[in-house]
Amino acid sequence: MGIRLQISRSLRERIIAEATASLDEICGLLLGEGATVSDAVACANVHPTPATHFELDPTVLFHALRTARAGGPAVIGHYHSHPTGSTMPSTTDAAAAAADGAFWIIAADGGVAAWRAVRDGTVHGRFDPVALAIAR
Ligand SMILES: [Zn+2]
């Protein structure tokens with residue numbers, strides 16, 4: 001039941017590799033259509049304490065949104081990592097998340113999990129788990 005987020009094996013592995021290589025939280029945008037990720041764009045983490053928080057580079061986000069408006073792929077969510085945690089959203093994530101239906105992929109401990117930011121979510125009142133459908 002529910003929405004499955006489609007992502008290719010290579011994109012999933014790229015996100016995991018990026019997370020594994022960094023002591024700080026890594027982050028980036030998920031581009032695509034509906035519930036299908038067609039690309040993942042790495043962003044600088046510009047948060048002042050990047051070991052435990054993330055903030056997407058706003059210039060990359062702005063460029064992606066402008067490209068989407070011009071007919072490019074939509075920004076359907078983003079990804080980040082928890083270098084010493086789990087793939088569960090943190091309370092910090094919940095506090096920062098709008099209930100906008102965006103997909104969140106969280107990388108930790110050599111894996112990833114997907115979530116959707118919704119009103120009255122089952123995790124911290126803000127996130128519902130989303131199954132990942134790995135393609136190709
Ligand atoms: Zn987080």
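Student: Where does Asp-120 lie?

Tutor: Asp-120 sits in the loop between strands S6 and S7. Helices and strands here are DSSP runs, numbered from the N terminus: a helix is H or I with at least four residues, a strand is E with at least two. Before we go on, this is a predicted model, where local features need pLDDT of at least 70 and side-chain atom pairs count only at pLDDT 80 or more, while totals for chains, interfaces and linings use all residues. Residues are numbered from 1 along each chain as its sequence is written.

Student: Is Asp-120 buried or exposed?

Tutor: You count neighbours. A residue is buried if 20 or more other C-beta atoms lie within 10 Å of its own, exposed if 12 or fewer, and partly exposed in between, with C-beta atoms placed from the backbone. Asp-120 has 8 C-beta neighbours inside 10 Å, so it counts as exposed.

Student: And what is the phi of Asp-120?

Tutor: Here's the general idea: most residues other than glycine have a negative phi. Asp-120 has a positive phi, near 55 degrees, and it isn't a glycine. Asp-109 also has a positive phi, about 55 degrees, without being a glycine. That one is in the loop between S5 (103–108) and S6. Asp-109 is partly exposed, because 15 other C-beta atoms lie within 10 Å of its own.

Student: How do I read strand pairing, say for S7 and S6?

Tutor: Two strands pair if DSSP finds at least two bridges between them. S6 (residues 111–117) and S7 have four bridges and run antiparallel. As an example, Trp-115 stands opposite Pro-129 in S7. S7 (residues 127–135) also pairs with S1 (residues 4–8), over five bridges in the parallel sense.

Student: Which residue in S7 is the bridge partner of Ile-7?

Tutor: That's Ile-134. Ile-7 itself lies in S1, and Ile-7 is buried because 26 other C-beta atoms are within 10 Å. Now look at how the chain comes back: Ile-7 and Ala-133 are 126 residues apart along the chain, yet their C-alpha atoms are separated by 6.3 Å.

Student: What is Ile-7 in contact with?

Tutor: Contact means that the C-beta atoms of two residues, placed from the backbone, lie within 7 Å. Skip the neighbours within four places in sequence, and Ile-7 is in contact with Arg-12, Val-37, Leu-132 and Ile-134. For the whole chain, take contacts with a separation of 6 or more: 60% of them join residues 24 or more positions apart.

Student: How many helices and strands does the chain have?

Tutor: Three helices and seven strands. From the N terminus on, they run β-α-β-β-α-β-α-β-β-β. The chain is as compact as a globular protein of 136 residues, because its radius of gyration is 14 Å, close to the 14 Å from the globule rule. That radius is taken over C-alpha atoms, and the rule is 2.2 Å times the number of residues to the power 0.38.

Student: Which residues touch the most other members of the largest nonpolar core?

Tutor: A nonpolar core is a set of buried Ala, Val, Leu, Ile, Met, Phe, Trp, Tyr and Cys residues joined through C-beta atoms within 7 Å. The largest one has 30 residues, and Ile-15, Leu-30, Trp-104, Ile-105 and Ala-107 touch the most other members. S5 gives this core its largest share, six residues. Leaving aside neighbours within four places in sequence, Ala-107 has contacts that include Ile-15, Tyr-79 and Thr-87.

Student: Which residues of H1 are buried?

Tutor: Leu-11, Arg-12, Ile-15 and Ala-19. The arc is that of the directions from the helix axis to the C-beta atoms. These four cover an arc of only 105 degrees, which puts them on the same side of H1. Arg-9, Ser-10 and Glu-13 are exposed on the other side. The buried residues of H1 pack against S1, S3, S4, S5, S6 and S7.

Student: How far does H1 reach from its first C-alpha to its last?

Tutor: H1 has twelve residues and reaches 16 Å, close to the expected 16 Å. The expected span is 1.5 Å times one less than the number of residues in the helix.
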